[in-house]
Amino acid sequence: MALPLRALISFFLLIFVIGVLLPDNVHAWKADEHHHARRGRSWSHPKKPKHHRPKFKPGPWIDAHATFYEGGSGTFGGACGYDDVVNKGYGLETVALSEALFNKGESCGSCYELKCANDSKWCKPGSLHVTATNHCPPNYYQSAENGGWCNPPRHHFDIAKPVFTQIADYTAGIVPVQYRRVPCQKKGGIRFTITGNPYYNEVSVWNVAGAGDVVSLQVKGNKNLKWTQMKREWGQKWVTDAKLVGESLTFRVRASDGRYSTAWHVAPKNWQFGQTFEGKNFK
C-alpha cells in the first residue's frame, strides 16, 4: 500500500507545481474567455441606456434691433401656423423674426428675452419675454440700414404692437435691443392638432416648453404604422401621407436642444380630424 500512496502524493504535488508555474498569460486568457462568455450572455438582453440631456438654459446676450407691427391675436401667428396666439396660450407677447432668425420656420415657438439698449431717449427699463410666432420677411428693394430691417444677415425682432411699449416708445420706430434665448414656460402639455384628410394628414404642434421649437416630429400607430418621420409643411405644421386613420397614435417631438418628448398613444383609435390631443411636455 506504501507505493500507491507515494504515487498518489507525487501526482498531487505535480498538479500543484504545474498550477503555480503556469504562465500568467494563460491564466489571463482563461479569465478573459470567462469574461467574454459573461458579456456574451448579457449582450443578448441589453439594457437600453438612458440619455438625460440638461434642461434648456438661457443663452448669451446678443445685439439686435426691434420695430413693431400692427395686428391681432388671429394674425400674429401667421407664418408659424398658430391661428390664434391668445387661444394657443402665447398671449400677445409675440414677435416676428427676421429672415436670419426665422430659419425657414424651425424657430417657431422659441422664446426670447428682449431689452431696449443704448438709447436713453426711447428706451424703457426692464425686459420683455416673447415667443416667436411669425416671420418678418426681407425687403430687398430697401437697404438693410434703411427700411429693409429684416434683410439677412440682420438679427431683427418685429414686436407685436400691443407689447412694444413695455420696452420702448412707439414714436421711436426702431430701437437697438439686446436679446437672448430663454426657456419657454408653458401650462399643460404639448398639443397636437390633427387636420387634413385620410390621404394627407396635417399635425400642428404647439404649447411646447423648454427650447420651444420643434425640429423633428415622428408618428407611430398601435398596429400597422411603424415610426414615420413627418415633414415640415410650414411653420410648426407637419404632414404625412401615411395611413393614420384607425390607429392609436404616438408622437415623438425633438427640440433644437436635442431633447425628445414622446406622447404615447395620445390619440385613441377613434380620433377625428380637427381634434387636439395633449402629451407630455418638456420640463
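Reader: Is Phe164 buried or exposed?

Author: Phe164 is buried, at a relative accessible area of 0%. Buried means under 20% relative accessible area, exposed over 50% and partly exposed in between, with a 1.4 Å probe and protein chains only.

Reader: What should I know about the model itself?

Author: It's a predicted model, where local features need pLDDT of at least 70 and side-chain atom pairs count only at pLDDT 80 or more, while totals for chains, interfaces and linings use all residues. Residues are numbered from 1 along each chain as its sequence is written, and side-chain values use heavy atoms, with hydrogens and water left out.

Reader: OK, rings now. How many aromatic pairs does the structure hold?

Author: Eleven. In one, Phe164 and Tyr170 have ring centres 6.4 Å apart and planes at 10°, so they're stacked. Rings of Phe, Tyr and Trp (its six-membered ring) pair if their centres lie within 6.5 Å; planes under 30 degrees apart are stacked, over 60 edge-to-face, and the rest tilted.

Reader: Which residues do ring pairs link into a cluster?

Author: Phe68, Phe164 and Tyr170. Tyr170 is partly exposed, at 32% relative accessible area.

Reader: What sits over the ring of Tyr170?

Author: The charged end of Lys161, 5.0 Å from the ring centre. For that, NZ of Lys or CZ of Arg must be within 6 Å of the ring centre and within 35 degrees of the ring normal. Arg181 has its charged end over the ring of Tyr112, 5.8 Å from the centre.

Reader: New topic: what is Val175 in contact with?

Author: Beyond its neighbours within four places in sequence, its contacts include Phe164, Trp122 and Cys116. Contact means heavy atoms within 4.5 Å.
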